[in-house]
Amino acid sequence: MTPDQRRQAGSAGAPLGYTAAVELSSDRLIKGKQKPKKNTPGPSRFKIGGKKEEAERQRKLELIRTPVLSCYRIAVISLKGGVGKTTTTTALGATLAIERQDKVIAIDANPDAGTLGRRVRRETGATIRDLVTAIPYLNSYMDIRRFTSQAPSGLEILANDVDPAVSTTFNDDDYRRVIDVLGKQYPIILTDSGTGLLYSAMRGVLDLADQLIIISTPSVDGASSASTTLDWLSAHGYADLVSRSITVISGVRETGKMIKVEDIVSHFETRCRGVIVVPFDEHLSAGAEVDLDMLRPKTREAYFNLSAMVAEDFTRAQQEQGLWTGDGGAQPPQVAPPMPGQAQQQPYPGAYAPQQGQQPQYPGYPQQGGQQGWQQSYEQGQGQQPQPGQPWQQAQPGQPGQPGQPGQPWQQQPPQQ
């Protein structure tokens with residue numbers, strides 16, 4: 001497009017952000033073509049250290065791959081802009097997607113024309129406002145997929161409008177409706193929130209979050225703003241969320257000598273569940289599409305550790321929703337979450353998580369076991385109708401495995417030992 005054509009387009013009322021989207025793209029601004037780092041060839045194959053370090057990395061990988069049958073929601077927030085909030089959202093989401101090989105989506109809930117949509121090569125011009133409008137017609141994953149753009153890692157991005165006048169109309173009710181729809185299709189949802197704590201959608205972001213990630217920079221004002229964020233949240237009813245939160249100190253330069261980063265880490269370790277230090281990375285500082293293969297090994301390791309720290313909370317969140325896991329959480333969840341509008345159902349009345357080597361106990365099932373237990377159940381219940389809340393009693397045995405006569409119950413054969 002020539003300057004004259006651009007001038008004509010502007011006078012004709014071209015959409016706000018049109019020239020930025022077309023002319024200030026990464027294809028034009030990034031020098032040359034970056035090559036992937038040789039020591040980070042693909043998912044879960046980078047190795048740092050010896051056998052002990054590799055065993056620890058494998059442990060973290062198993063944590064990251066913990067099955068998630070309900071929707072786990074991660075909110076990334078900061079009072080200060082330009083601290084790496086959008087970068088953290090994208091890199092964390094990409095790491096979770098590529099390591100889990102599962103559906104992961106990041107949504108832009110920033111009311112000030114967020115830039116999350118610029119961290120992935122756009123496949124659609126649709127935005128979160130378009131999704132809100134289409135909610136009554138969304139019935140499947142493929143219906144939602146038309147509104148998202150997908151990175152090579154598998155992470156999907158739901159972008160916001162580039163016009164602040166439009167993006168600010170995205171309110172608390174809209175956010176809750178979007179999360180409700182996405183939660184039925186995506187096990188993990190990340191929210192890139194705005195820089196304020198009082199805008200409309202922020203209440204829904206905090207209320208629905210299972211995990212909070214606070215972003216700080218290795219600077220006095222960045223660390224102070226992050227700490228102030230925690231103070232405000234604790235004072236407004238989110239103390240439990242704060243205690244489970246994670247602080248990310250983003251963009252730490254190894255050659256920096258002005259700031260005592262270790263003191264910042266110590267401060268937030270007393271306030272949060274954990275702290276992750278992400279080193280400065282030129283690929284991330286470019287503000288273009290995020291590609292994990294372009295990251296320095298230490299940067300990629302930091303986001304891998306962040307993913308593992310987030311995943312440590314998966315089991316707690318599922319148990320809180322009525323799901324339980326066997327063997328201390330090492331086994332997949334045994335109970336699916338309820339369908340929308342339905343109460344949580346147990347697999348059988350009074351179900352419990354059996355210990356290793358034990359059999360589950362069914363109410364009404366004689367625990368003595370064997371023929372004696374079934375015979376006792378039959379003798380106690382012969383000629384009686386089961387009462388509500390009483391164990392089911394076996395009908396008088398006829399021919400094992402044969403249906404009874406008209407008007408008689410089905411005759412069931414006692415279990416063989």
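This report describes the fold, helix packing and selected residues of a predicted model.

## Overall composition

The protein chain contains 17 helices and eight strands. Of its 417 residues, 44% are buried.

## Cysteines

A disulfide is a covalent bond between the sulfur atoms of two cysteines. A search of the whole structure returns zero disulfides. Cysteine 71 has a relative accessible area of 9% and is therefore buried, the cut-off being under 20%. Cysteine 272, with a relative accessible area of 8%, is likewise buried.

## Packing of helix 15 with helix 4

Two packed helices are described by the angle between their axes and the distance between the axes. For helix 4 (residues 51-64) and helix 15 (residues 297-311), the axes come within 8 Å and cross at roughly 55°. Helix 4 is therefore oblique to helix 15. The crossing of helix 4 past helix 15 is left-handed.

On the side of helix 4, the contact is formed by Arg57, Lys60, Leu61, Leu63 and Ile64. Helix 15 contributes Phe304, Asn305, Ser307, Ala308 and Ala311. Sorted by class, the residues of this contact between helix 4 and helix 15 comprise six nonpolar, two polar and two charged.

## Packing of helix 15 with helix 5

Helix 15 also packs with helix 5 (residues 85-100), here at an angle of about 75° and with the axes 9 Å apart. Helix 5 is therefore roughly perpendicular to helix 15.

Helix 5 supplies Thr87, Thr88, Ala91, Leu92, Thr95, Leu96, Ile98 and Glu99 to the contact. From helix 15 come Arg300, Tyr303, Phe304, Leu306, Ser307 and Val310. The contact of helix 5 with helix 15 consists of eight nonpolar, four polar and two charged residues. Phe304 and Ser307 of helix 15 take part in the contact with helix 4 and also in the contact with helix 5.

Helix 10 (residues 200-208) has the buried residues Ala201, Met202, Gly204, Val205 and Leu206. Their cover includes both strands and helices. The strands named are strand 1 (72-77), strand 5 (188-192) and strand 6 (211-216). The helices named are helix 9 (172-182), helix 11 (220-235) and helix 12 (239-243).

## Selected loop residues

Threonine 66 is located in the loop between helix 4 and strand 1. Its relative accessibility is 11%, so threonine 66 counts as buried. Leaving aside residues up to four places away in sequence, threonine 66 touches Arg100, Phe314 and Thr315.

Glutamine 101 belongs to the loop between helix 5 and strand 2 (104-108). Although glutamine 101 is not a glycine, it has a positive phi of about 55°. The relative accessible area of glutamine 101 is 62%, and the residue is therefore exposed.

Glutamate 289 occupies the loop between helix 14 (282-285) and helix 15. With a relative accessible area of 23%, glutamate 289 is partly exposed. Glutamate 289 and threonine 90 are 199 residues apart in sequence, while their C-alpha atoms are 9.1 Å apart in space.

Definitions and conventions
Residues numbered from 1 in each chain as written. Predicted model: local features only at pLDDT ≥ 70, side-chain atom pairs only at ≥ 80, totals over all residues. Heavy atoms only, no water. Disulfide = S-S within 2.5 Å. Buried < 20%, exposed > 50% of the residue type's maximum accessible area, 1.4 Å probe, protein only. Axes fitted to C-alpha atoms, helices over the stretch in contact; angles between N-to-C directions. Helix = DSSP H or I, 4+ residues; strand = E, 2+ residues; numbered from the N terminus. Parallel < 35°, antiparallel > 145°, perpendicular 65-115°, else oblique. Left-handed = near helix turned anticlockwise from the far one by under 90°. Contact = heavy atoms within 4.5 Å. Nonpolar A, V, L, I, M, F, W, Y, C, P; charged D, E, K, R; others polar.
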